[in-house]
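Here is a short report on one protein chain. It moves from the overall fold to a few individual residues.

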Amino acid sequence: MKKKILIAGIYGQDGSYLAQYLIKKKNYQIIGLTRKIRKNFKYFAGDEKKIKIIQTNYNYSSLSKIVKKIKPFIIFNLTGQSVPVISWSIPDKTIFSIVNININFIKTILNFSKKTRYFNASTSDIFSQNTKIIDEQSPISPDNPYGCAKACSHFLIKSYRQRYKLFLVNGILFNHDSTRRSINFIGKKIINNAIKIKLGIKKKIFIQDASVIRDFGYAKDYVEGIYKIMKLSKPEDFIIATGKSISVKEYVEKTFKILGLDKKLIVDKKIKSYVKNKIRSKNKKISNKTNWKPTSNLKKMISIMLKEELIWNFKNAKFKI
């Protein structure tokens with residue numbers, strides 16, 4: 001009998017990639033949770049019939065009925081408001097979509113399915129700007145509502161794991177991109193705007209602060225890392241990152257080079273904000289314990305994203321990557 005996997009946020013970037021990754025293994029039944037069912041979701045392209053979709057508002061009553069009936073092998077919680085900038089304008093909704101949903105899942109597992117393994121998508125935003133390279137032992141000190149909500153959930157996971165001996169895991173995900181992200185994220189913005197410049201739709205790309213340094217990885221690689229840490233015999237928290245950091249400026253310039261665009265079309269507005277300037281990371285723990293390593297370097301990821309963006313959003317473009 002196939003083991004049942006529950007993916008909360010099935011239509012999101014990570015949820016959709018994870019579902020497709022697990023389908024290929026052929027020994028899991030994939031069940032996706034969503035607030036709103038979408039018909040003919042373009043990224044699944046033929047895989048939709050292999051995924052059972054359940055609509056939920058993620059309150060305790062709804063989740064308890066689902067988990068009690070299904071008793072999943074693993075629950076991947078990949079849902080919730082995920083844009084740090086937006087969290088300042090909707091802190092209440094951000095807190096609910098992250099903290100409350102985690103609490104509802106944990107209570108449901110504790111009451112109805114104690115053998116279920118649970119993955120919480122944590123984030124590098126739980127850390128403050130740091131001159132040192134961040135690892136799993138670095139102090140947690142968020143500086144925006146999104147990071148605060150994720151930090152609260154992170155500690156809740158650890159507390160319930162210790163007290164009740166449940167298989168609860170925090171995956172601390174550093175920046176990971178794909179064309180499945182919204183334009184609110186810098187990687188998607190760079191790729192989308194670069195193509196528009198190539199097509200003559202836009203003249204320049206405006207970056208708020210090109211000096212920001214991040215660890216950028218490819219989302220499709222990261223879901224493999226997420227899966228591998230949930231297959232370990234012991235629940236632990238892991239950073240999932242490439243271990244290599246670059247500036248936003250380098251990201252844009254590499255994209256422009258692939259497209260043959262002039263770097264003079266990049267405008268750095270140099271607007272400083274609450275955004276942390278430097279976040280660098282290590283991935284030694286996940287590499288040592290699961291043998292996971294990202295397969296795509298930055299250049300390869302950008303090339304993949306450009307090709308996919310052309311397929312999904314610029315079908316009539318007369319150039320190829």
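## Overall fold

The protein chain has 10 helices and 13 strands. Both are DSSP runs numbered from the N terminus: helices are H or I with at least four residues, strands are E with at least two. This is a predicted model: local features need pLDDT of at least 70, side-chain atom pairs count only at pLDDT 80 or more, and totals for chains, interfaces and linings use all residues. Residues are numbered from 1 along each chain as its sequence is written, and side-chain values use heavy atoms, with hydrogens and water left out.

The C-alpha trace spans about 60 × 45 × 40 Å along its principal axes. The radius of gyration is 20 Å, which agrees with the value near 20 Å for a compact globule of 321 residues. That radius is taken over C-alpha atoms, and the globule rule is 2.2 Å times the number of residues to the power 0.38. Of the 321 residues, 54% are buried. Buried means under 20% relative accessible area, exposed over 50%, and partly exposed in between (1.4 Å probe, protein chains only). Take contacts (heavy atoms within 4.5 Å) between residues at least 6 apart in sequence: 78% join residues at least 24 apart.

## Strand pairing

Strand 1 (residues 3-8) runs parallel to strand 2 (residues 28-34), joined by six bridges. Strands count as paired if DSSP finds at least two bridges between them. Leu 6 has Ile 31 in strand 2 as its bridge partner. Between these strands the chain passes through helix 1 (residues 13-23), and the β-α-β crossover is right-handed. That means a clockwise path from the first strand over the helix to the second, with the strands pointing away from the viewer.

Strand 1 also pairs with strand 4 (residues 74-77), again parallel, over four bridges. Here Ala 8 stands opposite Asn 77.

## A buried aspartate

Asp 221 sits in helix 7 (residues 219-229). Asp 221 is buried but has no salt bridge. Such a bridge needs a side-chain nitrogen of Lys or Arg within 4 Å of a carboxyl oxygen of Asp or Glu. The nearest side chain of opposite charge, Lys 300, is 7.0 Å away. Lys and Arg count as positive, Asp and Glu as negative; His and the chain ends are not counted.

Leaving out residues up to four places away in sequence, Asp 221 touches Trp 292, Pro 294, Thr 295 and Ser 296.

## Positive phi

Most residues other than glycine have a negative phi. Tyr 58 has phi near 65°. Tyr 58 lies in the loop between strand 3 (51-55) and helix 2 (60-70). Its relative accessibility is 1%, so Tyr 58 counts as buried.

Asn 291 also has phi near 65°. Its loop runs between helix 9 (284-290) and helix 10 (298-313). At 64% relative accessibility, Asn 291 counts as exposed.
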